[in-house]
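Open the model in your viewer and keep the sequence panel beside it.

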Amino acid sequence: MRIRFENINMRPVLLAFFLLLSIHLGLVAQPVPAEDENIPHLVTFGNKAATSWGDDDFCQIFFFLIPEDFDEPVYVRIYDPDCGGKVDEININFDTRTEFSIFGGRGCWSDPDAQGTQPEGNYRSGNLLASKTFGDDPKYDDKWYSFGPFNPKDGEYSEKDLGYVLKIITQGIDGDDGNLYQYYLSTEDDRNVRVEGGNAFTYEYTFRMWNDLVNISHIYPYIEKGTVKVKQKNFDWDDDGNINTYSVVRIYNKDENKVSKEDEWAESEFQILEGEVGKSLDFQFVKKRYPLVTNNNVVISTQNQYEENLRFFTNPIGGVPKYKPQINVQKIDD
Ligand SMILES: [Ca+2]
Ligand SMILES: [Ca+2]
Ligand SMILES: [Ca+2]
Ligand SMILES: [Ca+2]
């Protein structure tokens, strides 16, 4: 689909705008969760925890995307990889061990099991490039640990993304506490320096909500070509307010996404509108006013009408969607 602007004189202005936008997007790419998501931490529990703590499978799979023309070494950095001390969620005493593993090579992303929401089958596909297990260790408490350097070409090439993909699997292999952490794709091993144009995505997001009523967290499902319907599925939402859907053509979703209660799943579907394809939706997590739910860990995924999982890009493709009813565009079929 091409878009022809009614007023031809606008073209240089719009080109300049999109150039500035792409530069801006290149600069906001690498923290996971990213700035625009406003999510405090990722979370993975030890595999002895009850699922009522908010993690259904004790596993988080993320992919880093490095542009094909980027040829410097990269590092995958982890903030607070330990489970103890600051940041983390204790269950009686800290006894949890968390394994972080980096995969590259053929199949690390394209294997269908790697694109699932559960750690099943061949989800650890590809070549294991590095792995380390962390327990309760003050050496890594409130600190960064770096994996790498990795050659971007150690990743798997993705034709549709024009880049190389590395996979990180975080699994709670013992204990029952919550390991909270963040990632950063960096060009340096001892500090966070962005990879221009880099991105990250997941098929199932497990994260911690804020412990206040001020902050609203966001995630951005990317609507691939051919998508007509989206099913969202969430776990252990603790009945904590609403998940509202926004997009360039949707200012408020009257068919609110159904949210789950403690230790249960909820799912609901909605139709994709014209104008939403090839862009990102904005799911906004608005906590309920009373009582304040604290330490709320949640899980969410989305599927298309073929039950294929959609991707949440931390740096939303096409940018954060802004409702634009006033732009006068005419669609032209290719
Ligand atoms: Ca424990
Ligand atoms: Ca810690
Ligand atoms: Ca931690
Ligand atoms: Ca929860």
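Select Phe-63, Phe-64, Val-76, Val-165, Leu-166, Ile-168 and Ala-200. In this predicted model, these residues touch the most other members of the largest nonpolar core, which counts 66 residues. Now color strand E4, residues 59–67: with seven residues, E4 gives the most to this core. Color by domain next. Domain 1 (30–208) and domain 2 (212–325) each supply at least three residues to the core.

Zoom in on Phe-63. What does Phe-63 touch, not counting residues up to four places away in sequence? The list is Trp-109, Val-165, Leu-166, Lys-167, Ala-200, Phe-201 and Thr-202.

**The whole chain**

Zoom out and switch to cartoon. The protein has 21 strands and one helix. Of its 334 residues, 44% count as buried. Take the contacts between residues at least 6 apart in sequence: 82% of them join residues at least 24 apart.

Now color by confidence. The average pLDDT is 91, and 87% of the residues score at least 70. Two stretches to select are 1–8 and 17–28. Residues 1–8 stay under 50 in pLDDT, and the model gives them 15 contacts beyond four places in sequence. Residues 17–28 are also below 50, with 10 contacts in the model beyond near neighbours in sequence.

**Strand E5**

Select residues 74–79, strand E5. Six of its six residues are buried. Show the side chains. Val-74, Val-76 and Ile-78 point one way, Tyr-75, Arg-77 and Tyr-79 point the other way, and all are buried. In a regular strand, side chains alternate between the two faces of the sheet.

Strand E8 (residues 144–150) pairs antiparallel with E5 over five bridges.

**Ser-101**

Move to strand E6, residues 97–104, and pick Ser-101. Is Ser-101 buried or partly exposed? Ser-101 counts as partly exposed because it has 17 C-beta neighbours inside 10 Å, and a buried residue needs 20 or more. Beyond four places in sequence, Ser-101 contacts Leu-128, Ser-131 and Ile-169. Draw a distance from Ser-101 to Thr-133, 32 residues away along the chain: their C-alpha atoms are 8.6 Å apart.

**A three-stranded sheet**

Next, select E14, E18 and E16. They form an open antiparallel sheet, in the order E14-E18-E16. E14 (217–219) and E16 are the edge strands, each pairing on one side only. From one strand to the next, the twist averages 25°.

Follow the pairings. E14 and E18 share three bridges in the antiparallel sense, with Ile-219 partnered by Phe-283 in E18. E16 (residues 242–246) shows alternating side chains. E16 pairs antiparallel over five bridges with E18, residues 282–286. The partner of Ile-243 in E18 is Phe-285.

**Backbone details**

Finish with the loops. Most residues other than glycine have a negative phi, and most peptide bonds are trans.

- Val-32 to Pro-33: a cis peptide bond, with omega about -5°. Pro-33 sits in the loop between strands E2 (31–32) and E3 (41–45).
- Tyr-290 to Pro-291: another cis peptide bond, with omega about -10°. Pro-291 is in the loop between E18 and strand E19 (297–303).
- Val-87: phi is positive, near 75°. Val-87 lies in the loop between E5 and E6. This residue counts as buried because 20 other C-beta atoms lie within 10 Å.
- Asp-239: phi is positive here too, near 50°. Look in the loop between strand E15 (229–235) and E16. With 13 other C-beta atoms within 10 Å, Asp-239 is partly exposed.

Key. Residues numbered from 1 in each chain as written. Chains lettered and ligands numbered in written order. Predicted model: local features only at pLDDT ≥ 70, side-chain atom pairs only at ≥ 80, totals over all residues. Buried ≥ 20, exposed ≤ 12 C-beta atoms within 10 Å, placed from the backbone. Helix = DSSP H or I, 4+ residues; strand = E, 2+ residues; numbered from the N terminus. Pairing = 2+ DSSP bridges. Core = buried A, V, L, I, M, F, W, Y, C linked by C-beta atoms within 7 Å. Domains from an automatic or database assignment. Contact = placed C-beta atoms within 7 Å. pLDDT = per-residue confidence, 0-100. Axes fitted to C-alpha atoms, helices over the stretch in contact; angles between N-to-C directions.
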